[in-house]
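Here is a brief report on one protein model. Have the sequence and the coordinates open while you read.

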Amino acid sequence: MRSRQVWAASLGLIAFLALAGFALDHAFQNVALSGLRERLHSYALAYANSDFARDGSVIPPWDPPDPRFRRPGSGLYAQIVLETSRWESDSAQGPRLPRGPMLAAGVRELDGPLPMMRISGGQGMVYRYGYGLALSREDGSEDIPYTVYILEDASTLARQVATFRAALWGYLGGAGAVLLLLQTVVLRWSLRPLRDVIDELKRVQAGTAAGMSEAHPRELEPLTESINAFIQSERESLERQRNTMADLAHSLKTPLAVLRTRLDSDGDEAGLREEVDAQVRRMNDLVSYQLARAARSGHALYAAPIEIEPYAEQIVVGLEKVYAARGVLCEFEIAPEARFHGELGDLQELLGNLLENAFKWARARVLLTVTEVAPSAGRRSGLRIVVEDDGPGIAEEKIARVLQRGVRGDERVQGHGIGLAIVQDIIRAYRGQLHVSRSAERGGARFEVELPGGA
C-alpha cells in the first residue's frame, strides 16, 4: 500500500512540476519577447528623430542609443528605409540583413526570427522591429514616409531563455526531490497506525494478545472494533458450543432420571409405555431446542404468548417422581393472565432448572409463583417467576459463586453445576434480571426472575 501511494503521489508530483515548468517557461518567453519589443521600440524612437538632408539623405543621431550600433557585426542593427534610399548603422557593415518593406505611418510590427548571413559566413537569425513614420515638410508639400527597422541577433533572447530554463529546471528538480523525500516520510508516518494494527493482529494470531487495543486513530477505530467483535464472536461461538453440549446433557438428566425411576418401580406395562413415550418426546424436544438455541444469538421478539401452568405441571410431575423417596411436593400460585412471550424451549429450560434446583435442596415443600408485571406505556406486560423452597438456603457470600457455570453449592450433592448458568443465559437473552435471596416464608432459597415487557 505504501509503495502504491508513493508511486501514485510521485507520478502526480512529477506531472505537476512538469506542467508548472512548462507554464513558467512559456510565461518567461512571452515576457522576454515583450521586453525585446519594448527595447527595440525605444531604439526605434531614438532613430525616428534623425534629421534629413535637402537631398533626402538620412542624418542619424550623433550618439546612438547603444554603442553596439557603431561596432560592425555586433548583433544590434538599425535601418532607415525611404522610398528611394536606405540607411544602415555602422554595425550593419559585413552581415547581410533581411530587407524590410515600407510600413504605413504609425504601424509597428515585430518579425522573426528571420535568417541573415553573418560576417563569418555562417547563417544566423535576427528579430526585426519595424516602425512606420512620416516626415512633414516645412513648405506644406506631401510628407516623406520612412520606416525605422531595429534588428537584434536572436541568440541574445535564446541565451536568456536557456539561462532561465537551466535555473528553472534546476530549482524544480531540487524542489521535486525534497518534496518526494518529504512525501515518503509523511506517508510512512501516516501509515504507521496501519502497521501497528497489522502487528497487533499478528500478536492476536500468535496468541500473545487477547484482542486489539484501543490506542488507534479515530479513523481506524471501526476496523479495530470490528476485529475485536469478530474475535469475541468466535470465542463466544466456541463457548456457546461447549455450553450447549453441557446444557443438553444437563437437560436430558431429568427425563432419564424419570425413566430410571419408572423402570425401577412396579407398574403396569401400559403406564410404563405411556411414561416412556412422554419422556422420549420431551428429550426430543430438548435436543431440538438446544440445537436451535445454539444456532441463534437471542430470542424471537414477537413470539406468541405461552400459557405457563401446563408446562410447569408437566415438569413438576416428572420431578415429583424423581424425588418421590423424599416426598417433596410443589405448590402453584400462577396468575391466570400471566403469559410468557418467547420460545417454548426457553420457558421449559427456565422452569425446569429452577424447579429442579429447588427440589434438590427442599426438605418437603417447593412453591412456584408466577405473576404479571404491570407494563410501561406502549409496551406489553412483563413476567415475574419466583421459586422458593424450605431447604437450607444459600449464604449471601456464596450466591455469586453458586451462579457460576460448573459450580455446585455442595459437592456432596449430585449434579453438574450448570443449571443456574443456563437460567442466567436465558434471562440475559430476554434482558431480564435474576435475584437470589432467602425466602422469608419458607426459610430456604428464593430465586426471583423478572422479565421485562416487550413492544
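## Threonine 147

The model is predicted. Start at threonine 147, which is found in strand E7 (residues 144-153). Is threonine 147 buried or exposed? Its relative accessibility is 0%, so threonine 147 counts as buried; the cut-off for buried is under 20%.

The side chain of threonine 147 reaches the backbone nitrogen of leucine 103, at 2.8 Å. Leu103 is also one of the residues that threonine 147 touches beyond four places in sequence.

E13 pairs with strand E14 (residues 445-451) in the antiparallel sense, over six bridges. Arginine 438 stands opposite alanine 445 in E14.

H7 has 18 residues and reaches 26 Å from its first C-alpha to its last. That is close to the 26 Å expected at 1.5 Å a residue. Of the 18 residues of H7, 15 are buried, so the helix is largely enclosed by the rest of the structure.

## Phenylalanine 340

Phenylalanine 340 lies in strand E10 (residues 339-341). At 2% relative accessibility, phenylalanine 340 counts as buried. What surrounds phenylalanine 340, leaving aside neighbours within four places in sequence? Its contacts are Ala304, Pro305, Ile306, Ile308, Asp346, Leu347, Leu383, Tyr430 and Leu451.

Take leucine 451 from that list. Phenylalanine 340 and leucine 451 are 111 residues apart in sequence. In space, their C-alpha atoms are 9.0 Å apart.

## Helix H9 and its end

Helix H9 covers residues 419-429. Its buried residues are Gly419, Leu420, Ala421, Ile422, Val423, Ile426 and Ile427. In an α-helix there are 3.6 residues a turn, so residues three or four places apart point the same way.

Just after H9, arginine 431 takes a positive phi of about 60 degrees.

Conventions. Residues are numbered from 1 along each chain as its sequence is written. This is a predicted model: local features need pLDDT of at least 70, side-chain atom pairs count only at pLDDT 80 or more; totals for chains, interfaces and linings use all residues. Side-chain values use heavy atoms; hydrogens and water are left out. Two strands pair if DSSP finds at least two bridges between them. Helices (H or I, at least four residues) and strands (E, at least two) are DSSP runs, numbered from the N terminus. Buried means under 20% relative accessible area, exposed over 50%, partly exposed in between (1.4 Å probe, protein chains only). Contact means heavy atoms within 4.5 Å. The expected span of a helix is 1.5 Å times one less than its number of residues. A polar contact is a pair of N or O atoms within 3.5 Å; within protein, one must be able to donate a hydrogen and the other to accept it, and residues adjacent in sequence count only if both atoms are side-chain atoms.
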